[in-house]
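Me: I have just opened this structure and would like a friendly tour. Could you take my questions one at a time?

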Amino acid sequence: MKELTTYNRAAGYLNHIFDLLNERFFESALSRPIITIQSTPRAYGHYTLYDAWSVDGAKGFREINIGAGTLSRPIEEVTATLLHEMVHYHNDAHGIKDCSRGNTYHNKNFRLLAEKCGLCIEHHPTYGWSITKPGDELLTFCIDNDLRDIRLNRTDEFSIRIPGASAFGGNNRKSSSRKYICPLCGMSIRATRDVRILCMDCDTQMRCGA
């Protein structure tokens with residue numbers, strides 16, 4: 001696979017991940033929105049509750065945005081953000097109100113579906129059930145689909161301060177998954193924790209590569 005170092009490839013890859021998530025968690029029922037990469041101060045992404053895009057002024061599309069200054073986080077975290085916004089999209093499409101207080105406070109309707117989709121959700125005193133982390137099911141999903149980190153990142157200063165999460169800028173957080181490679185045949189696998197594993201073909205211990 002080509003390195004994810006250009007805008008077009010990164011945008012295309014986000015659409016690819018959307019399709020995979022749509023099939024896995026929503027039975028491919030969500031029509032593809034316009035997925036953008038723009039700066040979103042103090043947020044990892046957003047979903048529009050209106051048709052932010054149109055074709056010839058007629059057919060409209062919702063928008064899901066991934067924050068440009070957060071793009072090079074570990075891919076499981078970017079995937080969790082995309083899935084977070086897809087939960088909003090699904091609830092919106094089914095007339096389920098999952099936010100209040102000016103559409104900023106995430107209520108229990110959001111939490112229930114998000115947790116069914118493999119996300120770990122924690123409570124924030126201002127924004128409700130909004131703190132989103134990838135759970136084991138989503139980590140396994142990323143590994144099974146061999147999702148790779150996006151290396152492109154806008155150089156905006158970005159920080160978000162929420163309980164249980166560190167402020168960060170750029171790509172200074174470690175991935176929750178690890179890649180193990182056989183030094184003889186090059187076969188690789190990913191795991192969600194440190195493991196000792198043998199390549200059965202070569203009878204050789206695999207080494208952690210990333």
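This is a predicted model: local features need pLDDT of at least 70, side-chain atom pairs count only at pLDDT 80 or more; totals for chains, interfaces and linings use all residues.

Me: What kind of aromatic pair do phenylalanine 25 and phenylalanine 141 form?

Reply: Rings of Phe, Tyr and Trp (its six-membered ring) pair if their centres lie within 6.5 Å; planes under 30 degrees apart count as stacked, over 60 as edge-to-face and the rest as tilted. The count by this rule is two aromatic pairs. For phenylalanine 25 and phenylalanine 141, the centres are 6.0 Å apart and the planes make 45 degrees, so the pair is tilted.

Me: How many residues apart in sequence are the parts that this pair ties together?

Reply: Helices (H or I, at least four residues) and strands (E, at least two) are DSSP runs, numbered from the N terminus. Phenylalanine 25 belongs to helix H1 (residues 7-26) and phenylalanine 141 to helix H4 (residues 136-144), so the parts tied together are 116 residues apart in sequence.

Me: Which residues does asparagine 22 touch, leaving out those up to four places away in sequence?

Reply: Asparagine 22 is also found in helix H1. Its relative accessible area is 5%, so asparagine 22 is buried. Contact means heavy atoms within 4.5 Å, and the residues that asparagine 22 touches are Glu27, Ser28, Ala29, Leu30 and Met86.

Me: Which residues of strand S5 are buried on each side?

Reply: Strand S5 covers residues 63-67, and five of its five residues are buried. In a regular strand the side chains alternate between the two faces of the sheet. In S5 both faces are covered, with Glu63, Asn65 and Gly67 on one side, and on the other Ile64 and Ile66.

Me: Which residue in S5 is the bridge partner of glycine 45?

Reply: Two strands pair if DSSP finds at least two bridges between them. Strand S1 (residues 34-38) runs parallel to S5 and is joined to it by five bridges, with isoleucine 35 opposite isoleucine 64. Strand S2 (residues 45-47) runs antiparallel to S5, with three bridges. There, the partner of glycine 45 is isoleucine 66.

Me: How many disulfides are counted?

Reply: A disulfide is a pair of cysteine sulfur atoms within 2.5 Å. Cysteine 182 is buried at 2% relative accessibility, and its nearest cysteine sulfur, in cysteine 185, is 3.7 Å away, so cysteine 182 is in no disulfide. The count for disulfides is zero.

Me: To finish, what share of the chain's residues is buried?

Reply: The chain has four helices and 14 strands. Of its 210 residues, the buried share is 44%.

Conventions: Residues are numbered from 1 along each chain as its sequence is written. Side-chain values use heavy atoms; hydrogens and water are left out. Buried means under 20% relative accessible area, exposed over 50%, partly exposed in between (1.4 Å probe, protein chains only).
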